[in-house]
Amino acid sequence: MSGYHWNWGIFLETVKGGEETYLLWLATGLGWTVAVSLASWVVALLLGSLVGTLRTVPSRVVSGLATAWVELFRNVPLLVQLFLWFFVAPELLPREWSLWVKRDMPAKEFVTATVCLGLFTSARVAETVRSGIGSLPRGQRLAALALGMTLPQAYRHVILPMAFRIVVPPLTSEFMNVIKNSSVAFAIGVLELTFQARQMQEDSEQGIETYLAVTVLYVLCTFAANRLMAWVERKSRIPGYVTAAK
């Protein structure tokens, strides 16, 4: 590139006015990215599975509330939701709780990012689980009920075990999306990869090397998530019923 001074050794250099290296900055950012992503994925998978299941129950009230959950979190931009949780939600709490959240809550930024990203993704997971349940033959539920199972027992022992095997591939995409969407957490001060990349670029003025390195780290994270979910798919598939993972 004409006029650009390449410096691939920048990562081993010490930050201006400090004792850390830029590589340590990126390593710290990677750690926070992984932490936010995994914690959010746990929230999303648990809540999304519950909400997706409730969307398929016979009760119109219950399924309606679950549908409202999905529509609420799916149709509001993630960044807007993040700001609502960080700036608005504490103001709606009782005074003592509000002061604790704003002043004394441990890891406030991390918790807020985890909750926001987890709830946002739970709506997408819920739709995936609902579609998996809906793809099953209706006779499976009827057969379980005919054997004397209650509806919760039919879901637990018959419907959900089959549905989750079917939806592992789309859940893989959602897991990868969580890792990529965690980058919005920089907006509230979480020291994840994007936040550290912005700091490094401003401090070192080596933007190309910085963002190429961050791109590689994101690719490695999402690739690892993809391979993990592919392993889960291979282990959980039913021969002749669910296509094997590639």
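Modeller: Happy to, and one term comes first: a residue is buried under 20% relative accessible area, exposed over 50% and partly exposed in between (1.4 Å probe, protein chains only). This is a predicted model, where local features need pLDDT of at least 70, side-chain atom pairs count only at pLDDT 80 or more, and totals for chains, interfaces and linings use all residues. Residues are numbered from 1 along each chain as its sequence is written, and side-chain values use heavy atoms, with hydrogens and water left out.

Colleague: Got it. How many salt bridges are there in the whole structure?

Modeller: The search finds six, a salt bridge being a side-chain nitrogen of Lys or Arg within 4 Å of a carboxyl oxygen of Asp or Glu.

Colleague: Which side chain does Arg130 meet in a salt bridge?

Modeller: That of Glu127, at 3.2 Å from N to O. Both residues lie in helix α5, three residues apart, or about one turn of the helix. Helices here are DSSP runs (H or I, at least four residues), numbered from the N terminus. Arg130 has a relative accessible area of 31%, so it is partly exposed.

Colleague: And Glu127, buried or exposed?

Modeller: Glu127 counts as buried, because its relative accessibility is 17%. Its side chain also meets that of Arg74 in a salt bridge, 3.6 Å from N to O. Glu127 is in α5 and Arg74 in helix α2 (residues 60-74), so this pair ties together parts that lie 53 residues apart in sequence. Arg74 is partly exposed, at 35% relative accessible area.

Colleague: Which residues do the salt bridges that share partners join into one network?

Modeller: Arg55, Glu71, Arg74, Glu127 and Arg130.

Colleague: Nice. What does Glu91 pair with?

Modeller: Glu91 forms a salt bridge with Lys102, and their closest N and O atoms are 3.0 Å apart. Glu91 sits in the loop between α3 and α4 (95-104) while Lys102 is in helix α4, so the pair links parts 11 residues apart in sequence. Glu91 counts as partly exposed at 49% relative accessibility, and Lys102 is partly exposed with 37%.

Colleague: Changing topic: at what angle do α3 and α5 cross?

Modeller: At roughly 135 degrees, and the axes of α3 (residues 78-88) and α5 (residues 108-134) come within 9 Å. The two helices are therefore oblique to each other; under 35 degrees would be roughly parallel, over 145 roughly antiparallel, 65 to 115 roughly perpendicular, and the rest oblique.

Colleague: Which residues make that contact?

Modeller: From α3 they are Leu78, Gln81, Leu82, Trp85 and Phe86, and from α5 they are Lys108, Glu109, Thr112, Ala113, Val115, Cys116, Leu117, Leu119 and Phe120. Contact means heavy atoms within 4.5 Å. By class, there are 10 nonpolar, two polar and two charged residues in the contact.

Colleague: How far apart in space are Trp85 and Arg234?

Modeller: They are 38 Å apart, C-alpha to C-alpha, and 149 residues apart in sequence. Arg234 is in helix α10 (residues 207-236) and is partly exposed, with a relative accessible area of 39%.

Colleague: Last one: what is Thr53 in contact with?

Modeller: Leaving aside neighbours within four places in sequence, Thr53 is in contact with Val129, Ile133, Tyr155 and Leu160. Thr53 is found in helix α1 (residues 22-54) and, at 12% relative accessibility, counts as buried.

Technical notes
Axes are lines fitted to C-alpha atoms, for helices over the stretch in contact, and angles run from 0 to 180 degrees between N-to-C directions. Ala, Val, Leu, Ile, Met, Phe, Trp, Tyr, Cys and Pro count as nonpolar, Asp, Glu, Lys and Arg as charged, and the others, Gly among them, as polar.
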